[in-house]
Amino acid sequence: MKKLLAVGLMMSGLAFAQVKKDTLEKEYKLEVAPVDKVEKKQKPNPLSKKGQFFVFYGWNRAAYSNSDIHFQGNGYDFQLNNVSAQDRPTKFGIVYFDPSWFTVTQYNFRLGYFIKDNLALVLGIDHMKYVMDQNQTVDFKGHISDPQYAGMVQNGQVDLSDSQFLTFEHTDGLNYENLGLEKYKNLIHKKNIDLVWSYGAGIGVMFPKSNVKLFGNERSDRFHVAGMGTDIRSSLNLVFWKNWMIRVEGKAGYVNMWDIKTTLNNKPDKAQQDFVFGQVLAGIGYTFNTKKNK
């Protein structure tokens, strides 16, 4: 009887061990089963991912509000009110594509880096041109000690049309060196075409080369940090073949220049003005996908 009982226990133990082994093998097979399909890493969309950057070069047209220009120097302290001005675009031709002449045109340069997904830090140079309208009569307020030029003021106004009193330009140019923050949103995503909208704002310094001739003095014509500017901007970016970009951008901004050089030498003569500007620009760029999706 004891032998039969011992044999029964041994048989039941073997059966339990076999069930446990089969169960473990099934669980192990479930755990290590190979994955049939592995997702492929996608190349990041243009103008979208942290780590990407882009470069851009284009051309602009600009418009300016009227401004009051205050002149100070030895023997004079006066203001011309409500002075109008225009930009001066270069006639279209090979000059727009010849690198040796790029500063002649009203150009724009951008270098952007995506610090977060869809958020870029953008370094920009806006080379605009500002030319005071010569054929205008403006209100005058202040004093001039030189009788020749004081005599040009009649009934509180001065006629600028003959250029003897003043010529005033920022044509080499009205340079706005700025740093901006831009947010990007993909509107259309196709195989070889993306349409991306951006908006943002910027701030920077005004570094004009002002061409000023006041009272027949030798013309001032030199680069100088004259003040500051700020802007808001929005653009549409057509990205094709994943990397090439055509950008159209609109911008509105404010410029305050409190230290415009008006004489060629180091005299303390200067002018001050502030105004609002609008700008439309277009050009071509290239995007670099420097970081893959995780």
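1. Phe275 is buried, because its relative accessibility is 2% and the cut-off for buried is under 20%. The model is a predicted one, and this value, like those below, is computed from it.

2. Tyr130 is buried as well, with a relative accessibility of 0%. Now to the fold around these residues: the chain has 16 strands and 2 helices. Of its 294 residues, 37% are buried. Among contacts with a separation of 6 or more, 70% are between residues 24 or more positions apart.

3. How many aromatic pairs does the structure hold? The number is 25. One of them is formed by Phe54 and Tyr184, with ring centres 6.2 Å apart and planes at 65°. This pair counts as edge-to-face because its angle is over the cut-off of 60 degrees. Phe54 lies in strand S1 (residues 53–64) and Tyr184 in strand S10 (residues 166–189), so that distant parts of the chain, 130 residues apart, are linked by the pair.

4. Are the two partners of that pair buried or exposed? Phe54 is buried, at a relative accessible area of 0%. Tyr184 is buried too, at 2%.

5. Tyr130 and Phe275 make a stacked aromatic pair, with 5.1 Å from centre to centre and 25° between the planes. Here too the pair links distant parts of the chain: Tyr130 belongs to strand S6 (residues 119–132) and Phe275 to strand S16 (residues 270–288), 145 residues apart. Both rings belong to one aromatic cluster, together with Tyr64, Phe71, Tyr76, Phe78, Phe140, Tyr149, Phe165, Phe168 and Phe215.

6. Ser198 is found in strand S11 (residues 193–206). With a relative accessibility of 2%, Ser198 counts as buried. Which side chain does the side chain of Ser198 meet in a polar contact? The partner is Ser235, at 2.5 Å. Leaving aside residues up to four places away in sequence, Ser198 touches Glu182, Lys183, Tyr184, Arg233, Ser234, Ser235, Asn237 and Arg247. Tyr184, listed among these contacts, is also the partner of Phe54 in the edge-to-face pair.

7. Asp259 sits in strand S15 (residues 244–261). Why does Asp259 count as buried? Its relative accessibility is 19%, and the cut-off is under 20%, so Asp259 falls on the buried side. A polar contact of 2.9 Å runs between the side chains of Asp259 and His224. Apart from residues up to four places away in sequence, Asp259 touches His224, Val225, Ala226, Lys270 and Ala271.

8. The largest pocket holds about 250 Å³ of space. It is lined by 14 residues, and those closest to its centre are Asn74, Tyr76, Asn217, Lys267 and Asp269. By class, the lining consists of 4 nonpolar, 6 polar and 4 charged residues. Tyr76, one of the residues closest to the pocket centre, is also a member of the aromatic cluster in point 5.

Conventions. Residues numbered from 1 in each chain as written. Predicted model: local features only at pLDDT ≥ 70, side-chain atom pairs only at ≥ 80, totals over all residues. Heavy atoms only, no water. Helix = DSSP H or I, 4+ residues; strand = E, 2+ residues; numbered from the N terminus. Buried < 20%, exposed > 50% of the residue type's maximum accessible area, 1.4 Å probe, protein only. Polar contact = N/O pair within 3.5 Å; in protein donor to acceptor, adjacent residues only side chain to side chain. Contact = heavy atoms within 4.5 Å. 1 Å grid on protein atoms, 1.4 Å probe; cavity = no way out; pocket = protein on both sides within 12 Å on 5 of 7 lines; lining within 4 Å. Points joined across faces, edges and corners; volume = space filled by probe spheres on them. Nonpolar A, V, L, I, M, F, W, Y, C, P; charged D, E, K, R; others polar. Phe/Tyr/Trp six-rings, centres within 6.5 Å; stacked < 30°, edge-to-face > 60°.
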